[in-house]
Amino acid sequence: YLLCTGMGTQWAGMGHSLMQLPDFKESILQSDVALKDTGLVVSRLLSEADDTTFEDTVNAFVGLAAIQPDGIIGHSVGELACGYADGSFTHSEAILAAYWRGHCIKVADLPAGGMAAVGKQQIPACHNAEDSVTISGPQVRLPYFSVIFKPEHT
């Protein structure tokens with residue numbers, strides 16, 4: 001099984017060296033075609049990314065979805081790659097869903113949020129494992145833990 005990951009796994013340079021592989025490059029170019037009406041060019045996004053590129057929710061969602069052409073298990077944006085892998089989505093539908101999901105979150109003007117992986121004592125937003133869950137919500141309502149992640153966009 002392949003795991004299709006979600007937010008938090010993006011990094012400047014991801015997918016860049018894979019562009020040398022013909023099948024990968026063809027998939028990314030298909031993403032460019034699917035997104036032509038949005039103005040986002042995935043091949044350029046991957047080749048010109050810097051340390052701030054994927055702080056933009058749209059760039060992160062689309063970048064992650066575009067570099068995961070196969071899979072069976074997904075989380076978050078990885079679910080779109082799984083939908084494509086099992087034939088539920090066409091390539092264009094998967095990459096456009098990533099774009100619009102990121103765009104809607106970006107323009108929704110939601111209050112800053114945060115996430116923290118904690119033990120079983122909290123009400124979960126996502127079950128990570130038998131003894132671990134993820135909680136999320138407005139930062140003012142998240143309890144303080146020894147390590148708390150406060151992303152720019154959640």
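Helix α3, which spans residues 57-66 of this predicted model, is largely enclosed by the rest of the structure, because 10 of its 10 residues are buried, a term that denotes a relative accessible area under 20%, with over 50% counted as exposed and values in between as partly exposed (1.4 Å probe, protein chains only). Helices here are DSSP runs of H or I with at least four residues, and strands are runs of E with at least two, numbered from the N terminus. Among the buried residues of α3 are Val58, Phe61, Val62 and Leu64, and the buried residues of this helix pack against α1 (22-34), α2 (42-47) and α5 (91-107), where contact means heavy atoms within 4.5 Å.

The protein chain as a whole contains 5 helices and 5 strands, which follow one another from the N terminus in the order β-α-α-α-β-α-α-β-β-β. Of the 154 residues in the protein chain, 36% are buried, and among contacts between residues at least 6 apart in sequence, 56% join residues at least 24 apart.

Strand β2 (residues 73-74) includes Gly74, which is partly exposed, with a relative accessible area of 28%. The C-alpha atoms of Gly74 and Thr5 are separated by 6.0 Å, although these residues lie 69 apart along the chain.

Residues are numbered from 1 along each chain as its sequence is written, and side-chain values use heavy atoms, with hydrogens and water left out. Because the model is predicted, local features need pLDDT of at least 70 and side-chain atom pairs count only at pLDDT 80 or more, whereas totals for chains, interfaces and linings use all residues.
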